[in-house]
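This report goes from the whole chain to one strand and then to one residue. Please keep the sequence and the structure open while reading.

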Amino acid sequence: MTVSYKRLFQRAIAAAPERLHFAAHSHHLWPDASYVGQLAAWEDGVRLADRKWERVMGEIWPAAQAHVANELRLPDPSTVVFAPNTHELLLRIASALPKRPLRILASDGEFHSFRRQSARWEEAGTARVHRVPLDALVETARMGAHDLIFVSQVQFGTGHVFERIAELAALARPDGPWVVIDGYHGFMALETDLSAVADRIFYLAGGYKYAMAGEGCAFLHAPPGYGPRPEVTGWYAEFDDLSLPPGSVGYAPDARRFLGATFDPSGIYRFVAVRDMLRQEGLTTADVAAHAAGLRDALLAALPIEAELLNPGSPARFLALRSPHAARWKAQLEAEDVIVDVRGDVLRIGFGLYQDARDLEALIGVLGRL
């Protein structure tokens with residue numbers, strides 16, 4: 001709590017100096033390093049022109065893969081592929097499963113993107129979706145009646161953490177079921193070690209939240225042997241498949257089999273720049289999480305509003321506070337340039353590296369006036 005890292009976020013803070021931003025779980029402020037990455041993407045684009053893809057795929061892409069692999073303790077960086085968003089990657093995963101209707105098991109607290117898409121699949125008759133409470137997911141999965149099991153590492157609404165990834169991984173097989181972990185609220189928020197399950201699970205996440213890199217840099221870890229030929233595919237996915245005769249639809253032998261087509265690489269540049277900055281500062285995910293936990297615990301100790309805490313003891317990087325007043329509180333806070341967010345009757349307050357003790361004191365003062 002005595003340490004401040006605002007010096008790493010000078011541009012974002014200067015852009016709105018009166019703002020109190022406590023929505024790091026929703027739209028994390030960007031560190032100055034991301035600006036350096038963005039400029040590098042532009043400068044490479046004009047300096048190299050047609051040849052920029054040699055640098056993107058030959059240097060920036062492998063650097064980003066290595067950062068993801070190091071963060072998740074993946075044994076092989078080539079199992080990581082990038083895309084503009086996780087929705088694209090979800091569609092490619094589903095397209096690689098041959099059965100229709102697709103039998104899907106999910107928790108009842110998944111994010112809007114998956115909830116909407118899975119509901120539309122149900123409406124179209126291309127999937128049957130079984131949604132259960134988080135604590136019933138593993139037992140339901142063991143019944144063996146599903147092709148795809150999808151669950152968030154951290155529930156986006158409540159902050160509940162799913163601790164049983166290894167038990168789901170034990171059920172996974174190349175011919176089904178497949179296990180997909182949505183790690184968007186876990187990646188670089190919680191220390192995550194996938195080394196023991198990397199050969200059995202898919203893991204989705206991206207740069208928009210705790211990775212501090214902004215939009216356009218989602219990624220997928222795809223276990224070898226799972227989904228060798230996605231039906232939804234772009235021409236970038238055919239690189240390096242030299243074993244098929246001309247005219248055949250080939251696929252890369254690694255995670256690039258899940259690639260689409262031409263994309264904006266600037267998000268990947270930003271991600272690499274931010275990760276390089278953290279390494280230079282000697283900051284690990286554990287360090288950042290500890291800083292956020294100090295802020296979270298101090299707020300809980302002095303919380304001046306009456307609300308039900310949905311995630312007590314959770315390592316999630318946000319508080320989920322249920323109250324019938326949540327929407328009104330959020331509007332009142334926003335009127336004072338204090339940024340939090342709300343999901344139904346749940347007010348969420350998120351913590352990041354760019355906040356310090358003075359910010360927390362100011363937040364407590366504003367909350368006390370609600």
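For the charge count used here, Lys and Arg are positive and Asp and Glu are negative, while His and the chain ends are left out. On that basis, the mean positions of the 38 positive and 45 negative charges of the chain lie 3 Å apart. The model is predicted.

**The chain as a whole**

The chain contains eleven helices and 13 strands. Its C-alpha atoms fill a box of roughly 70 × 55 × 35 Å along the principal axes. A compact globule of 370 residues would have a radius of gyration near 21 Å, and the chain agrees with this because its own value is 21 Å. Of the 370 residues, 52% are buried. Among contacts in the chain with a separation of 6 or more, 71% join residues 24 or more positions apart. The chain exposes about 16200 Å², and 53% of this comes from carbon and sulfur atoms.

Strand β6 covers residues 178-182. How many of its five residues are buried? Five of the five are, so the strand is largely enclosed by the rest of the structure. In a regular strand, side chains alternate between the two faces of the sheet. In β6 both faces are covered: Trp-178, Val-180 and Asp-182 are buried on one side, and Val-179 and Ile-181 are buried on the other.

| Pair | Sense | Bridges |
|---|---|---|
| β5 and β6 | parallel | five bridges |
| β6 and β7 (residues 201-206) | parallel | four bridges |

Val-180 is itself one of the buried residues of β6.

Gln-155 lies in the loop between β5 (148-152) and α7 (165-169).

Which residues does Gln-155 touch, leaving aside its neighbours within four places in sequence? Gln-155 is in contact with Ser-107, Gly-109, Glu-110 and Leu-134, and also with His-160 and Phe-318.

Definitions and conventions:
Residues are numbered from 1 along each chain as its sequence is written. This is a predicted model: local features need pLDDT of at least 70, side-chain atom pairs count only at pLDDT 80 or more; totals for chains, interfaces and linings use all residues. Side-chain values use heavy atoms; hydrogens and water are left out. Helices (H or I, at least four residues) and strands (E, at least two) are DSSP runs, numbered from the N terminus. Contact means heavy atoms within 4.5 Å. Buried means under 20% relative accessible area, exposed over 50%, partly exposed in between (1.4 Å probe, protein chains only). Two strands pair if DSSP finds at least two bridges between them. The radius of gyration is taken over C-alpha atoms; the globule rule is 2.2 Å times the number of residues to the power 0.38. Accessible areas come from the Shrake-Rupley method with a 1.4 Å probe; for residues, only the protein chains shown count as cover. The place of a charge is taken as NZ of Lys, CZ of Arg, CG of Asp or CD of Glu.
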